[in-house]
Amino acid sequence: MPTFAECTIIDTATGALSVYSPLLINQNQAHITPVTPTLTATSVVGCWFGTNGVTTTLADTTNGQTLAGANCVNGAPNSIFGQFAACNAAAFFTAAKNANLNITPLGTGKNGNPCYTTRSFQLVDMDPSDNVVTTYLVDANGKIAQNNAANMANLNNPTELANGSDNALHDVFLGPALGCSSMVATNLASSGTTVGALALNELQAAALQAAPVALVPPNDPMVLVNNNMNAVKLNLYRTAVNQGNGQATTAEATTFCVNYLNLSAPAIITDSKFTIGFTTPAAANGKDLYTFLGNRFQLSWTGLGCENLLNNVTYLNKNVQSPIISVLDGNGVTIALTYNTPQLLALAQQNGLVTASATAATASKTTTSTTAKATSTTAKTTASTTTTSTTAKATSTTAKTTASTTATTTTATTKKTSTSAAAASSTSATSVTGTTVTHKITSGYMVTGWCSGAGNFQTQLTLQVNQVTPSEASQCTGNAPMAECGLATFQATVTKNGAAVDIVSWNGGTTGVSANTFQFTETDDMPYYGGALELNMPCSYTTAGMTPADLASGIALSYTAVTGSVSLTLTNGGV
């Protein structure tokens, strides 16, 4: 997992800002020699480090003396921050406060609100102001370089390495999605260009963010010591990102969670018209920016312990104590979001994210089973350690200190997992015993023609029951496959404009309750692997027969839980 360095420089004589990204490499890794920046005698430099691994640790060859001379901070004694470190940050921000800086105005986003900063609750996650904006280039052979035009031309088909961070989210994804620009400065690693940086984000946020301000909270996993809030570690981190001290109290943690619920969650909904379909920062977490933000919210809510700090939140699904629930596909990627409080559900409906039928079903406050527990970046991992090296210039207001710094990055195969729920679409709902939910069938075809003679009308559906999608022969097999997957017995009925439609056959089950009702039982019935269903209906149930127009006039499948509760996702398949 790569680790990134990012230095921001202020010339105290002129107030000019610039950014330089030192190249971090693994020992003996092939690389292109980095550009050497030119600094003035009145320059003050601060450097920040971020990693895509679980942790990064700064080290030197002088038993800590070089790091101390460069004012480097990696955490509290015997308790590192994790993915974050900084050198000479406090001196840089002090110099910046005393300089005549030109802070870029926020502007107004497409959503009609002031553009977000890295201290907006609408943008932050559980660990605000972590990691950096720096990107590197790497080719197929692992040769790495600073990201500039010359290296782009010299490397063989290079790809860009980016550091996942609030800052990159602000500068590269959510900001552009909302039509907002970031504060940038001269890029000393790429002649003739400008670039954003963590320090620039923090300077802008400190000057322009309106209340409430999202500062690093005491329940951020990066500032805990032995899972306890710790004022010393909290304030070491805050100082490194230009924030005032906190007390590390439960009240501070609770206030952060309240604001996160009241501001971040609604913004995901109201900004959805700009984020749905926009490039995702992490394809493994969300299919687009909208689903990425929802997944990130749920992970943060759990990672901060907000469900334990706020006792007055009404969850529609009481089994999942998160206001937003990620809907995962078979690869663990968030493909949709479920809103799990009455307020958020109503707001989602107002913004066209939830249909009226789905709202009615969810509003019954029923429970569904879950398949995974949300974990944060501090989750249990299988870790290995790699070492990278860099030469970074850390400069105070009175002297320059050149530090040879080794960043050790603990990497892991860490899979951020969200609690799964039935897909958030018009086809998804929960039925408890005695209630019925309806799914409109919108695609189908004749097996032997459009009912001009003998034949059956067939529709293909994909079924997911209680968040389980049968995908392989080893899943949900044995003597009681549905029971083994935690499924309830349920019945499915087909109607046209309320009138019964006889079912010829439905793969996956064996018990017919009536001519138009089919039952799945806990003992021996399952759909095909992958959740595939083929529902066949005769053409002779009406005088006119079945036509394509019928698909738009009320063909529907209704399902009822016979025992317990059942949450179904039905997705129309091929026509």
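1. Cys 47 counts as buried because its relative accessibility is 1%, and Cys 7 counts as buried at 4%, where buried means under 20% relative accessible area, exposed over 50% and partly exposed in between (1.4 Å probe, protein chains only). The model is a predicted one, in which local features need pLDDT of at least 70 and side-chain atom pairs count only at pLDDT 80 or more, while totals for chains, interfaces and linings use all residues. Residues are numbered from 1 along each chain as its sequence is written, and side-chain values use heavy atoms, with hydrogens and water left out.

2. A disulfide joins Cys 7 to Cys 47, with an S to S distance of 2.0 Å; the term covers a pair of cysteine sulfur atoms within 2.5 Å, and by this rule there are four disulfides. The link connects distant parts of the chain, since Cys 7 is in strand β1 (residues 3-11) and Cys 47 in strand β4 (residues 43-51), 40 residues apart. Helices (H or I, at least four residues) and strands (E, at least two) are DSSP runs, numbered from the N terminus. The torsion about the S-S bond of Cys 7 and Cys 47 is about 105 degrees, so this disulfide is right-handed.

3. Another of the disulfides joins Cys 115 to Cys 180, again with its S to S distance given as 2.0 Å, but here the torsion about the S-S bond is about -85 degrees, so the disulfide is left-handed. Cys 115 is in the loop between α2 (89-97) and β10, and Cys 180 is in the loop between α4 (166-177) and β13 (185-187), 65 residues apart. Both Cys 115 and Cys 180 are buried.

4. Turning to the aromatic rings, those of Phe, Tyr and Trp (its six-membered ring) pair if their centres lie within 6.5 Å, and planes under 30 degrees apart count as stacked, over 60 as edge-to-face and the rest as tilted. The count by this rule is eleven aromatic pairs. Phe 84 and Tyr 237 form a stacked pair, 4.4 Å centre to centre with 25 degrees between the planes. Phe 84 lies in strand β9 (residues 84-87) and Tyr 237 in helix α6 (residues 231-240), so the pair ties together parts that are 153 residues apart in sequence.

5. Tyr 260 and Phe 297 also form a stacked pair, with 4.7 Å between the centres and 10 degrees between the planes.
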